[in-house]
Amino acid sequence: MIGHVASAHEASGRVVLRLTSGAGAADAAFEAAARIAEAFQSEIEGLFVEERQLVDLTAYGFVKETSLTGMMTRPISATEIEREFRSACHGMRKRLERLGRQIETRVITTITRDDPLPALARTCAAAGPWNVVVLGEPFRARSGVLLGEILASVRDATGLVTVGPKSMRTKGPVVAAIENTDRMGGLVRTAERLASADGGRNGGVIALLIADDFHHLSWLETQARLAFSGGPAPQFFAAPPTRGEPGVAAEAIRQLKAGFVVAQFGGMAVPYDDLSPLSAALECPLFLLR
């Protein structure tokens, strides 16, 4: 599958940037949403989810909020939560409106009180079948389960974009992390579309070949070069053999200083379980395909 967003005139999808809080929103996530919208000439919808469970907690007097230092606690106040919701949503709207003016696209803001996953699925279904979801808050080491749930549950999204705690850059080559030939075409085509947003001025597309051993790497490179022998081809770069260690793939991605990485979910680059190596290495947005 290729990651795809409907253009504005098709009216059958858009870039959906989901936020569930204001303080943790990453600048790179907003920039990623803008770059995707520019590449696909699509609209952006900012979806702010007021988490229902958080509001429900205010009904229980024994539930306390603890400061980051652990030195202070206070009751959770419904009034304070409502105020924080309004402030965060206002901030999101202003940031998106500014980006919309820069890339000359329409921006929509939606506010809903629900659990994050069903809210996202409902929003994408209403927009049409060709959406790309961007998560506003950075992923963590144990976020693989959440990413998998979104990809499995939000059927009206062709891809999911997330950023790590160190993601700070959207300029640079677009890296397609290739781990098998079946997914190669969709990954590279998605990367090419993203690279088109800046005309390839930042390095074009790099196909990063990832495999367990030298034999598989050599075979993968041969197949990749054959697949693109009849037309424009990306740059090819082989990562060291991973030997089953995701940290090898993560370090290879870091060294390429990408502005975007396109990868399949559940492989060596983005495993289902432990995302610790990637969270420590990733310096740009990550575009995940099923």
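These legends describe close-up views of one predicted model. Local features need pLDDT of at least 70, side-chain atom pairs count only at pLDDT 80 or more, and totals for chains, interfaces and linings use all residues. Residues are numbered from 1 along each chain as its sequence is written, and side-chain values use heavy atoms, with hydrogens and water left out.

**View 1**
Helices (H or I, at least four residues) and strands (E, at least two) are DSSP runs, numbered from the N terminus. Of the 290 residues, 52% count as buried. Buried means under 20% relative accessible area, exposed means over 50%, and partly exposed lies in between (1.4 Å probe, protein chains only). A contact is a pair of heavy atoms within 4.5 Å. Among contacts between residues at least 6 apart in sequence, 80% join residues at least 24 apart.

**View 2. An open sheet of 10 strands.**
The order is β5-β2-β1-β6-β7-β12-β11-β8-β9-β10, with mixed pairing. Two strands pair if DSSP finds at least two bridges between them. β5 (107-114) and β10 (235-238) are the edge strands; each has a single partner, so one side of each has no neighbour in the sheet. From one strand to the next, the twist averages 25°. Axes are lines fitted to C-alpha atoms, for helices over the stretch in contact; angles run from 0 to 180 degrees between N-to-C directions.

**View 3. Strands β8 and β11 side by side.**
β8 (residues 174-178) and β11 (residues 260-264) run parallel and are joined by 3 bridges. A176 has V262 of β11 as its bridge partner.

**View 4. Helix α1 on the sheet.**
α1 (residues 27-40) touches β1 (15-19), β2 (44-51), β6 (131-135), β7 (157-162), β8, β11 and β12 (286-289). Its direction makes about 170° with that of β1. Among the buried residues are F30, R35, I36 and F40. The expected span of a helix is 1.5 Å times one less than its number of residues. For the 14 residues of α1 that gives 20 Å, and the end C-alpha atoms are 20 Å apart, which agrees. Just after α1, Q41 takes a positive phi of about 55°.

**View 5. E43, between α1 and β2.**
E43 sits in the loop that links these two elements. Is E43 buried or exposed? Its relative accessible area is 13%, so E43 is buried. Its side chain makes a polar contact of 3.3 Å with that of R106. A polar contact is a pair of N or O atoms within 3.5 Å; within protein, one must be able to donate a hydrogen and the other to accept it, and residues adjacent in sequence count only if both atoms are side-chain atoms. Leaving aside neighbours within four places in sequence, E43 is in contact with A8, R14, V15, T105, R106 and I108.

**View 6. Helices α6 and α7.**
α6 (residues 181-195) lies across β8, β9 (205-209), β11 and β12, at about 175° to β8. In α7 (residues 214-227), the buried residues are L217, L220 and A224. They cover an arc of only 65° around the axis, so they lie on the same side of α7. The arc is that of the directions from the helix axis to the C-beta atoms. An α-helix has 3.6 residues a turn, so residues three or four places apart point the same way. H215 and L226 are exposed on the other side of α7. The cover over the buried residues includes β8, α6, β9 and β10. At the start of α7, a side-chain oxygen of D213 comes to within 3.3 Å of the backbone nitrogen of H215.

**View 7. C284, in the loop between α9 and β12.**
C284 counts as buried, at 2% relative accessibility. C284 and T170 are 114 residues apart in sequence, yet 5.7 Å apart in space, C-alpha to C-alpha. Not counting residues up to four places away in sequence, C284 touches S167, R169, A258, G259, F260 and V261.

**View 8. Positive phi at A11 and R243.**
Most residues other than glycine have a negative phi. A11, in the segment before β1, has a phi near 55°. A11 is exposed, at 64% relative accessibility. R243 lies in the loop between β10 and α8 (246-255), with a phi of about 50°. R243 is exposed as well, with a relative accessible area of 56%.
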